Amino acid sequence: MKINSITLENYRNIKELSVDFDDVNIIWGENAQGKTNLLEAIYLFSGAKSFRGAKDKELVKFDCDYAKMKLDFFANGREQTAEISIKDRKTVTLNGIKKRSSTELGDEIKTIIFSPDHLNMIKEGPNERRKFIDGALCQIKSNYRTLLKNYSRTLVQRNSLLRNAESVDEVAPMLEVWDVNLANLGAKIIYQRIMYLKAIKPYLKSIFEGISGGKEDIELVYIGADTYTDDVNDIEQRLYNKIKSHRKIDVLNHTTTKGPHRDDIEIMINGRSVKSFGSQGQQRSSVLALKLAEASLLREMTGENPIALLDDVMSELDEKRQDYILNHIKDLQIFITCCDKETVLRLKKGKTFHIANGALS
Ligand code: ATP
Ligand code: MG
């Protein structure tokens, strides 16, 4: 897919803006001028909420009572137009037809987003990494969200049993029911995650090789309660054994200590953990490569190229790595924000926009 143009009115600090885009687009300017605001406006059309967690009202320019946004794009074989307006409430139309919510735009407009917050995927605990893989799976597997929901419901029930239990013997028959269920649902989640990592790996490796100039190799490893194979029945059996063997500990802790809700993904460069040993640039590069690989896989599964929105990705990256991102990523329309004029000069083909006080030039 490709975004042809966007028109904004009273969106955050942008009073009026109407602009045509190219395949690679750099939006540059000083701090607090509206770079992230513009990216956020594009992102909203992919049906998601603001990646900064903003409420609709906060998107309207201070002292104004409405905001309007219009996106012209090519997707699923045709030219299309989506419009969002926020007044007392939000209204959304696609090709002139009113939609119930912006979520429905997500079927036509797909994006992947890198924002500096995503570095938490490396810097923070396993929760952020599980969020990445679960989010990516929800975009490509229609039943995965339901699977997650059912698993977490079962987990809540098992935990509430554990909270009130005095000893394992007292609750063993009931635990048996939850353990069987949890292992069954948990194994399906683990299986999907392992398959996802398998599928994303070739893309990730090739992108990371490009970013690092062939000097570094990236690896992803699923870290679970056991060493899982890619046979879902085998995973279920192993997970069941693990959960069962931890009943005593679980009763003591009043919580379920084994299962996909505790699993992690280890990201390694040249065989060493990026979290523990990676430099700033390596950490940034690995998150970026993961995001771009997610886009490639999304294209493989859906046949459509998502839009890549890269907010403040360039800082901490050296000239070669910046050159790769600007000039060597194929088949993706890219929007990049940066503060640095040097970065802009490295772009070989594409459009650059300077933004100051919400106005583009
Ligand atoms: P940085 O380089 O620091 O990331 P940026 O160019 O990405 O800067 P933005 O996050 O786009 O900056 O924000 C630009 C300005 O928009 C900020 O000064 C912010 O206060 C302002 N702003 C945010 N919401 C609104 C709003 N609803 N109305 C008017 N201005 C707003
Ligand atoms: Mg910003």
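Predicted model: local features only at pLDDT ≥ 70, side-chain atom pairs only at ≥ 80, totals over all residues.
Residues are numbered from 1 along each chain as its sequence is written, with chains lettered from A and ligands numbered from 1 in the order in which they are written.

Colour the chain by pLDDT, the predictor's confidence in each residue from 0 to 100: the average is 95, and 100% of the residues score at least 70. For the complex, the predictor gives an ipTM of 0.99 and a pTM of 0.90.

Switch to a cartoon view, where the chain shows 11 helices and 15 strands, these being DSSP runs numbered from the N terminus (helices H or I, at least four residues; strands E, at least two). Along the principal axes, the C-alpha atoms fill a box of roughly 70 × 50 × 35 Å.

Next, select G29, E30, N31, A32, Q33, G34, K35 and T36, which the unreviewed UniProt entry annotates as "binding site"; such positions are given in the numbering used here, feature names are shortened, and annotations may be inferred rather than shown by experiment.

Within that selection, centre on G34, which lies in the loop between β3 (24-28) and α1 (35-44) and counts as buried because it has 24 C-beta neighbours inside 10 Å. Leaving aside residues up to four places away in sequence, G34 touches R12, N13, I14, I355 and G358, a contact being a pair of C-beta atoms, placed from the backbone, within 7 Å.

Move on to T36, which is placed in helix α1 and is buried, with 20 other C-beta atoms within 10 Å. Then select the whole of α1, where 10 of the 10 residues are buried, so the helix is largely enclosed by the rest of the structure.

Finally, show ligand 1: of the 16 residues around it, N13, N31, K35, T36 and N37 come nearest, a residue being near if its C-beta atom, placed from the backbone, lies within 6 Å.

Notes. Buried ≥ 20, exposed ≤ 12 C-beta atoms within 10 Å, placed from the backbone. Contact = placed C-beta atoms within 7 Å.
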